[in-house]
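Please open the model in your viewer and keep the selection panel at hand. The tour goes from one selection to the next and says what is to be found at each stop.

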Amino acid sequence: MKVDVVLGLQWGDEGKGKIVDVLASGYPVIARFQGGPNAGHSLQFDDKKIVLHTIPSGVFRKNTTNIIGNGVVLDPVIFMEECRKVSEMGIPVQERIVISKKAHLILPSHKIIDAASEASKGDSKIGSTLKGIGPAYMDKTGRNGLRVGDILSDNFKERYNTLKNKHIEFLKQFDFQYTIEDKEQEWLNAAEFLKSFKLVDGEYFINQQLGESKKVLAEGAQGTMLDVDFGSYPFVTSSNTTCAGVCTGLGVSPISIGSVSGIFKAYCTRVGSGPFPTELKDETGEKLRSIGHEFGATTGRPRRTGWLDMVALKYAIMINGVKKLIMMKADVLDSFETIKVAVAYKVDGEVTTAVPYDTYADVEPVYKDFPGWKRDLTKIRKEEDLPFEFMNYVRFIEKETGVPVEIISLGPDREQTIIRQ
Ligand code: GDP
Ligand code: IMO
Ligand code: MG
């Protein structure tokens with residue numbers, strides 16, 4: 001069996017949580033392979049709404065195993081709180097979630113470093129979610145990190161103190177006030193809570209599942225344009241959000257990768273700083289934000305909004321080897337007279353269809369206009385009922401990318417989904 005992948009093609013918040021929850025009914029195993037509680041994945045069903053940060057979005061499906069892979073960075077406090085909320089909904093979390101012992105831990109001091117580092121950057125700050133993601137991955141690659149499996153060792157507290165003291169030394173370079181003692185006991189208790197879960201050698205676990213003919217669905221966090229290598233560096237997150245991250249973040253070989261589905265919104269959003277060529281800083285942007293409820297699921301910050309960017313979309317499809325597209329939130333465009341799509345960029349007067357190396361380059365989008373459909377799509381459940389103008393928009397995207405749009409999402413609920421034949 002193979003690992004099918006669902007990942008974001010834009011700047012995150014494409015609707016991965018919703019779609020993974022929809023698709024999870026067909027998968028016995030769902031796995032997160034990177035990122036951490038910077039993610040906020042919203043699910044909606046049976047008049048219930050929930051946002052998941054660390055827990056894979058298959059957790060509400062019976063008979064699923066939800067793996068938190070080695071590529072994830074885990075904050076025990078946030079994870080424990082998530083587990084509490086999910087348990088209250090009647091879900092036996094300990095039965096449904098397993099955690100790789102090789103996943104790295106986010107310490108309270110990682111969050112402090114994140115905040116201190118952002119504060120020191122002034123106007124050039126990344127706009128991090130301040131969940132300690134960057135500092136935790138720095139310790140991982142710097143070979144100082146603590147991993148979930150370390151919780152089981154007798155000298156865990158000592159190792160925790162050693163790392164914390166390194167962080168306190170490191171923090172001396174910043175002019176930043178903080179307290180740490182008030183957060184430590186809660187963190188250590190939450191770390192203890194992790195012991196109530198099955199802590200596994202994730203790479204063996206997942207390959208065993210594949211060997212037993214169980215299909216795995218890998219759930220990306222963030223989006224391709226936030227990838228540490230291929231995103232708009234330095235305005236990125238600290239992990240590989242792209243398909244390659246599945247192999248390193250779970251311990252599966254490239255030949256185990258099955259279908260790769262890319263999720264995109266029918267327009268674009270971005271939260272945090274960094275380039276966003278099609279951004280609309282006018283009332284059209286405001287309209288997208290208010291109709292689309294574009295406020296961060298993790299931080300509540302208003303998301304920046306803009307038109308669909310085909311240059312970035314095609315780039316993301318190339319990097320990930322996307323063979324299926326999933327289009328989200330087209331219903332947000334229902335009342336628009338005209339819909340614009342960037343088909344190229346003008347950089348220094350030259351028209352290009354490539355994403356420029358220089359993050360700070362002056363990029364002007366070249367737009368193509370489409371007539372709006374001016375109809376409520378949210379109650380449509382069959383492809384044949386979709387308006388002509390909407391299908392015209394979908395077909396344009398398919399033609400430009402050469403990739404079929406296989407799923408169309410027209411609302412936040414599980415039911416508001418059309419799977420095309
Ligand atoms: P994720 O991080 O990729 O899982 O996405 P988020 O959950 O952060 O943001 C997506 C937002 O859009 C959430 O509030 C979802 O409930 C909502 N949503 C998802 N799909 C649709 C859709 O097709 N239409 C509308 N209107 N909202 C959607
Ligand atoms: P999901 O999985 C949108 C953004 C932050 C910031 C940059 C770095 O819900 O799509 P970090 O906290 O990683 O140091 O932040 O990345 N960012 C996200 N934006 N959705 C996310 O996750 C994000 N996770 C991080 O806003 O610009
Ligand atoms: Mg999100």
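This is a predicted model: local features need pLDDT of at least 70, side-chain atom pairs count only at pLDDT 80 or more; totals for chains, interfaces and linings use all residues.

Select ligand 1 together with Arg303, where a polar side-chain atom of Arg303 lies 3.1 Å from an oxygen atom of ligand 1; a polar contact here is a pair of N or O atoms within 3.5 Å, and within protein one must be able to donate a hydrogen and the other to accept it, while residues adjacent in sequence count only if both atoms are side-chain atoms. Taken alone, ligand 1 exposes 580 Å², of which the protein buries 90%, with accessible areas coming from the Shrake-Rupley method with a 1.4 Å probe and, for residues, only the protein chains shown counting as cover.

Residues are numbered from 1 along each chain as its sequence is written, chains are lettered from A and ligands numbered from 1 in the order in which they are written, and side-chain values use heavy atoms, with hydrogens and water left out.

Next, select ligand 2, which has 20 residues around it, with Asp13, Lys16, His41, Thr129 and Thr237 coming nearest. An N or O atom in the side chain of His41 is 2.7 Å from an oxygen atom of ligand 2, a polar side-chain atom of Ser128 lies 3.0 Å from an oxygen atom of the ligand, and a polar backbone atom of Val271 is 2.9 Å from an oxygen atom of ligand 2. Of the 550 Å² of accessible area that ligand 2 has on its own, the protein covers 97%.

Which protein donors does the magnesium ion (ligand 3) have? They are Asp13 (OD) and Gly40 (O), lying 2.1 to 2.2 Å from the ion; donors are N, O and S atoms within 2.8 Å of the metal (3.2 Å for Na, K and Ca), and since water is not among the atoms, sites may look incomplete. Asp13 lies in the loop between strand E1 (3-8) and helix H1 (16-23) and Gly40 in the loop between strand E2 (29-32) and strand E3 (41-45), so the pair ties together parts that are 27 residues apart in sequence. Helices (H or I, at least four residues) and strands (E, at least two) are DSSP runs, numbered from the N terminus. Asp13 is partly exposed at 22% relative accessible area, whereas Gly40 is buried at 11%, where buried means under 20%, exposed over 50% and partly exposed in between (1.4 Å probe, protein chains only).

Now move to helix H10 (residues 283-291) and colour its buried residues, Gly285, Leu288 and Arg289. They cover an arc of only 95 degrees around the axis, which puts them on the same side of H10; the arc is that of the directions from the helix axis to the C-beta atoms.

Finally, select Tyr233 and Pro234, where the peptide bond is cis with omega near 5 degrees.

How values were computed:
A residue is near a molecule or strand if one of its heavy atoms lies within 4 Å of it.
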